[in-house]
Amino acid sequence: MGLTRTSLAHELGSASPPSHGQEYLIALMGNPNVGKSTVFNALTGMHQHTGNWSGKTVGTAFGEFQKDGRTYGIADLPGTYSLFTHSAEEEVARDFLLKSAPHLTVVVCDACCLERNLNLVLQIMEITPRVLVCVNLLDEAKKRRIKPDLPLLENRLGVPVIGISARQKKDIRRLTDAIADAIERDGGNIYKTVYPDILENTLLSITKELPDLPAHTARNAALRLLDGTGDTEESSLPSAALKAAQDFRQQFSPSEVSDMIAESLVHAAESIIENVVQTEHLKAAKEEKLDKILTGRVSAYPIMLLLLLAVFWITIEGANYPSSWLSSLFTSLEAPLYRTFLRLGFPVFLTEMLVFGMYRVLSWVVAVMLPPMAIFFPMFTLLEDVGYLPRIAYNLDRCFHKCSTCGKQALTMCMGFGCNAAGVVGCRIIDSPRERLIAILTNSFVPCNGRFPLLIAMTSMFFISADSPAGSLGGAAFLACIIVFSVAVTLAISSFLSKTFLRGIPSSFTLELPPYRRPVILSVLVRSILDRTVFVLARAAAVAAPAGLVIWILANAEIGGSTVFVHLTGLLDPLGRLMGMDGVILLAFILGFPANETVIPIMMMGYLSAGTLTEYGSLTELHTLLTANGWTPITAVCVILFSLMHWPCSTTMITVYKESRSLKWSALAFLLPTVIGMLACMLVNGISSFFL
Amino acid sequence: MLPSNTISCPTVPMCTLKIGEVGTVRKIALTGSLRRRLQDIGVIPGTKIRCVGISPLGDPKAYRIRGAVIALRGDDCREILVER
């Protein structure tokens with residue numbers, strides 16, 4: 001999902017949409033995974049993250065488009081299978097339909113999966129007759145030689161039906177035409193799902209008592225009264241209606257009623273779809289073959305590991321040149337910036353603070369963070385769009401199940417590799433609140449892009465050098481081992497949490513393995529890179545710049561003969577040494593709280609007693625500096641361990657608080673990795689000083 | 001109440017279906033949100049289900065249900081009885 005402007009701006013179930021002179025309000029609904037977001041993007045031109053597995057869009061996004069001088073507002077509601085279970089997405093969708101009363105509800109369906117999609121269509125049609133069925137992914141259906149008879153479907157449903165491939169511009173134009181027409185259309189004869197006689201009779205006796213309501217609304221109100229999912233205050237209904245409902249409820253429990261309704265909907269969909277779709281899924285055989293490889297007993301894990309290796313290697317190698325280029329660019333601007341401030345009349349200390357403090361940290365963060373993120377996330381998104389990610393969850397679910405959590409945590413974990421804050425937001429795909437919390441709390445145990453430079457530097461300097469025969473591939477392999485270790489730790493901690501702070505039974509798990517789809521590569525890349533760039537720059541401005549100021553002040557303000565920085569390192573040194581590190585390293589981690597990328601530069605600053613962040617020319621230089629300050633391979637091990645297991649960065653902490661809305665869990669999110677990291681370092685240090 | 005079919009053929013838990021085997025759902029003993037979720041994707045008495053895959057670690061298994069492929073855990077499938 002990622003941290004896009006949309007996901008950050010619109011919380012789950014946020015207030016009513018901005019109206020801004022919109023004449024019509026359209027609700028966009030559909031099963032997960034039908035390309036709803038592609039339709040939304042195409043209609044509104046907004047940048048929104050999409051993906052090819054269930055549970056992607058979780059907030060409500062709003063947008064608009066113009067046609068014939070009119071403004072149509074669209075609400076992209078979370079994908080749901082039904083309106084009557086109790087997950088957050090379903091409630092958001094249902095509430096929107098009932099309370100915001102859109103002029104039209106466009107239900108997006110997957111042409112390859114029409115029968116199941118009809119379930120939601122029929123449920124929506126019970127609430128509102130103003131529906132347009134948009135059968136999407138016709139191009140994919142064509143590949144599978146599935147040709148739905150849309151006119152027949154329209155005939156049977158009684159609402160307009162249009163078939164499109166959301167990727168085609170001309171189809172989007174046809175869709176806007178269809179929307180404009182559908183809004184003007186009069187009610188007409190729409191399909192009514194018929195329930196078993198006993199239920200229908202009771203519905204009749206209830207609706208008879210509600211003559212003031214339009215027939216449609218009355219029937220829906222009656223249904224909800226009987227199955228217990230309605231929100232209507234019972235006292236507002238006439239007593240005769242209530243009596244009929246109560247009589248019925250004597251005979252049948254809510255779950256029996258729920259069964260009746262669910263089964264009738266399935267049968268209705270079955271009968272409607274008959275002859276609308278002829279061919280059975282022909283491509284299914286090919287896909288099942290592909291799945292045999294990607295999820296097979298022998299091949300699944302090696303493929304996943306290889307893919308992990310490949311993604312990391314591409315990210316690291318690919319980011320090298322852009323990073324150093326950006327770095328030199330920003331450095332070259334430093335001197336001119338300095339002169340400009342002085343010329344503007346700024347006092348020297350302020351100029352130094354701004355340029356050597358704020359600007360330097362800001363440029364470091366952007367130079368280090370932007371290229372890897374701009375590579376990792378687009379790759380991740382491509383994997384999502386192709387449909388591989390649910391297979392990862394499928395392959396790993398058993399491990400997570402054993403830890404009493406959900407297989408979807410595998411996916412939030414993968415996102416955490418890019419950015420922990422993004423991983424935390426992604427935890428919204430997990431239904432159970434308990435399991436969602438576990439995923440949130442353990443997300444920072446996997447290293448994000450910001451920590452890779454440190455891990456790589458440590459690896460190259462103390463373990464496998466990039467110049468050695470093993471080379472960069474060896475380095476990537478070592479990094480992969482570190483990653484696997486962090487995954488193991490995540491599982492262990494998840495298990496621990498399930499047994500202590502977040503006890504509970506594992507929730508049930510249904511995961512759809514969607515058909516593989518060819519991603520629209522260019523648009524995915526462009527959209528993803530833009531999203532990432534905006535995020536990194538915003539974060540740099542909000543977090544890195546102030547941090548830079550603070551660091552500069554600490555390193556330059558003097559108290560009693562030495563800088564505050566030096567005082568702090570002295571204070572922290574005993575604890576640092578206990579953990580196999582020293583005061584400088586520990587302080588660097590602490591000051592790296594706003595942004596993990598600054599840890600190494602701050603360390604260097606400390607060792608060189610410089611007043612500002614210092615870059616290292618080469619890893620050999622850095623190695624020399626570190627060993628001169630007492631570093632051994634054990635120190636490097638402890639640093640790696642602590643980098644994997646320490647407090648989340650400030651952006652992640654803020655996100656954790658926003659997602660959990662609880663100080664208690666946020667505190668745990670802070671303390672858990674910290675305490676474990678400290679213990680691990682002390683353990684390693686203790687063991688090594690015992691034996692070595 | 002909906003008429004229930006009295007079948008003389010034996011029913012087995014869905015999780016015992018091997019890859020390629022087809023079963024017709026006869027009884028769903030699950031309750032709560034999972035029951036409803038399954039109903040929403042079309043798993044009701046009479047639905048034909050085909051097992052199409054097993055996860056590398058043995059669980060969950062993948063089933064083709066009304067055209068879609070859904071992964072379900074053994075613990076949950078145990079409660080769904082099918083007729084081979």
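Predicted model: local features only at pLDDT ≥ 70, side-chain atom pairs only at ≥ 80, totals over all residues.
Local features need pLDDT of at least 70 and side-chain atom pairs count only at pLDDT 80 or more, while totals for chains, interfaces and linings use all residues. Residues are numbered from 1 along each chain as its sequence is written, chains are lettered from A and ligands numbered from 1 in the order in which they are written, and side-chain values use heavy atoms, with hydrogens and water left out.

**Chain A overall**

- Chain A holds 28 helices and nine strands (DSSP runs numbered from the N terminus: H or I of at least four residues for helices, E of at least two for strands).
- Its radius of gyration is 29 Å, close to the 26 Å that the globule rule gives for 692 residues, so chain A is as compact as a globular protein of that length (taken over C-alpha atoms; the rule is 2.2 Å times the number of residues to the power 0.38).
- The C-alpha trace of chain A spans about 90 × 60 × 55 Å along its principal axes.

- Seven strands form an open sheet with antiparallel pairing, in the order β7(A)-β5(B)-β4(B)-β3(B)-β2(B)-β6(B)-β1(B) (two strands pair if DSSP finds at least two bridges between them).
- At the edges stand β7 (510-512) of chain A and β1 (12-13) of chain B; each has a single partner strand, so one side of each is left without a neighbour in the sheet.
- β1(B) pairs with β6 (residues 80-83) of chain B over two bridges, in the antiparallel sense, and B:P13 stands opposite B:L81 of β6(B).

**A helix pair in chain A**

- Helices α13 (residues 300-343) and α14 (residues 348-386) of chain A have axes that come within 8 Å and cross at roughly 155° (axes are lines fitted to C-alpha atoms, for helices over the stretch in contact, with angles from 0 to 180 degrees between N-to-C directions; contact means heavy atoms within 4.5 Å).
- α13(A) and α14(A) are therefore roughly antiparallel to each other (a term for angles over 145 degrees).

**Backbone details**

- Most residues other than glycine have a negative phi, and most peptide bonds are trans.
- B:D59 and B:P60 are joined by a cis peptide bond with omega of about 0°, and B:P60 is found in the loop between β3 and β4 of chain B.
- A:N275, a residue other than glycine, has a positive phi near 75°; A:N275 lies in the loop between α11 (254-273) and α12 (284-294) of chain A.

Notes
Parallel < 35°, antiparallel > 145°, perpendicular 65-115°, else oblique.
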